[in-house]
Each structure stands twice: as C-alpha cells, then as structure tokens.
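Below are my notes on the model you sent, as numbered points. Please read them with the structure open.

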Amino acid sequence: MTEALRVAGLNHDWGRKPALRDVSFAVPEGRFCALLGPNGAGKSTLMAVLTGLIRPAPGVVSVGGHDLGRSPRAALARIGVVYQAPTYDLDRSVFANLKYFAALQGISGAMARDRIAASLARLGMEERAGEKVAALNGGHRRRMEIARALIHAPRLLLLDEPTVGLDAPARAAITAHVHALTAEGISVLWATHLVDELRPDDDLVLLHQGRVAAAGRVDAVTGATPLAEWFLARTGA
C-alpha cells in the first residue's frame, strides 16, 4: 500500500527535556490515522516536526515520497494543516478568510472561487460563506478551518487536537466530516487524547512519553478490550 506519510527515527529535545524518542510510523494513502496520546505525550511537538516548524535530530519525514528535510516545498505542498490554536479573522466573512488563504497558495480568480466552494461543500458550510466568522459557533469555525486547509488540494491532512473545547455533537460532526474525506483518497493524521473520536477500523499510533507505544488498526491493537480501558492501561491517562 502506498504511504502518504512515513516517519522514521524522529528525536527531539526541548533543552534538556526529551520530547520525542525514536518515533517511527507510516500513514497509508486514504486512511484515517489517529495519533492518540495523553496531554504531554509529544503530539504537538510531533505535529510541529511534520509541518516543518522544527527540525528533528536525527529523523526523517517523507510526505508522498518527498523528504521534508531535502525537498521541503514539495513535501509541504502536499499537506493541509489545522492547528490546535484557531487562526482566522473574526471580522471577515468565511469566504474572505478562505480567499486570503487561497491567495497565499497562489490561487486566485475563478479557480479560487471554485476551490473555496468545493471545500465548503465538503464540510457542509456552503450556506455560511457570507457570514462573519465572529457569528459562527465553535464547531462551524473549526469546519471552516478544515475547509481552508483543503483549498490547495493536499493529499495529507494534519489536525492537532481539532475538537478541543467543542461540545459532543460538534465533535462528532467534525470527526464524521474528516472521516468522510478518506473516501476521496485524502490521508488523515488526527492528533487527539479523546478515544471516542476513533472508529474500530481506523489506524492508530499511540504516543506515550514521546515514544510510539503501539501502532496498528484499532480493533487489531486493542482486541476484545474496550479502547478507553486499553488506553488507560497503557498510559495511566
């Protein structure tokens, strides 16, 4: 199976504090992979590495066959990112926020309008295009950020704790929307500490104390043990 993302031997320290230790895993094309771990496990540090914000030493990140260290433009062009902290202009419309991002990607005119419309449709946000972001609830703001991340047609979507602070219905809706993207061949790496966001047939990478503690399909890794119970036993979270 073709890999959308391959991570091999990642290590990173924050000063004298170790953050990642020999982290290795892969995300196949068109798969939803949950990067599961308790707070402080190293998920955000790993996401910073995968998006090129920090360089690991040593370690290799390959996106669609492009080495992030050697060919950062080619690798990053294939990635869409939704960070944990929200990034948008509250006083502008949904469409204006997405149009600005499209321009940063070198997309303008009719192509930008078409890409924006398609991205909003994927997230069920077509009717909100003209609304100011300030008028949206938290769930719809997150959907807008996911739609924005899809404008340049990435093949890999990285989401760092995307449902933090949202209520249960909003979390369920966003999780369902992102799972649906895999049917289009988009690969997803979804960082979370919330086990109810995973499905039995999802892929799973369990990160604990900066190391990969387990990896595989959820139902294969956990067996007959409920995921929440398995997660608690492995991490004490």
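1. Helix 3 passes helix 4 in a right-handed crossing; a crossing is right-handed if the near helix is turned clockwise from the far one by less than a right angle, and left-handed if anticlockwise. Axes here are lines fitted to C-alpha atoms, for helices over the stretch in contact, with angles from 0 to 180 degrees between N-to-C directions. Helices (H or I, at least four residues) and strands (E, at least two) are DSSP runs, numbered from the N terminus.

2. This is a predicted model, in which local features need pLDDT of at least 70 and side-chain atom pairs count only at pLDDT 80 or more, while totals for chains, interfaces and linings use all residues. Residues are numbered from 1 along each chain as its sequence is written, and side-chain values use heavy atoms, with hydrogens and water left out.

3. On the helix 3 side, V94, F95, L98, K99 and A102 meet A112, R113, I116 and L120 of helix 4, contact meaning heavy atoms within 4.5 Å. By class this contact has seven nonpolar, no polar and two charged residues (nonpolar: Ala, Val, Leu, Ile, Met, Phe, Trp, Tyr, Cys and Pro; charged: Asp, Glu, Lys and Arg; polar: the others, Gly among them).

4. Helix 3 also comes within 10 Å of helix 5, axis to axis, at a crossing angle of roughly 30 degrees. That makes helix 3 roughly parallel to helix 5. The crossing of helix 3 and helix 5 is right-handed. Here V94, N97, L98 and F101 in helix 3 meet M144, A147 and R148 in helix 5, and the residues divide into five nonpolar, one polar and one charged.

5. Six strands form an open sheet in the order 6-7-8-3-9-10, with mixed pairing; two strands pair if DSSP finds at least two bridges between them. Strand 6 (79-82) and strand 10 (211-217) are at the edges with a single partner strand each, so one side of each has no neighbour in the sheet. The twist averages 15 degrees from one strand to the next.

6. Within this sheet, strand 3 (residues 32-36) runs parallel to strand 8 (residues 187-192), joined by five bridges. The bridge partner of L35 in strand 8 is A191.

7. Which helices lie across strand 7? Helix 5 (residues 138-149) lies across strand 6 and strand 7 (156-160), at about 165 degrees to strand 6. Helix 6 (residues 168-181) lies across strand 3, strand 7 and strand 8, at about 150 degrees to strand 8.

8. A second open sheet has four strands in the order 2-1-4-5, with antiparallel pairing. Strand 2 (17-28) and strand 5 (66-67) are its edges, each with a single partner strand, so one side of each is left without a neighbour in the sheet. Strand 4 (residues 60-63) pairs with strand 5 over two bridges, and S62 stands opposite D67 in strand 5.

9. Two backbone values to check: phi of D22 is near 50 degrees, a positive value in a residue other than glycine, and D22 is in strand 2. Phi of E161 is likewise positive, near 50 degrees; E161 is in the loop between strand 7 and helix 6.

Technical notes
Angles under 35 degrees count as roughly parallel, over 145 as roughly antiparallel, 65 to 115 as roughly perpendicular and the rest as oblique.
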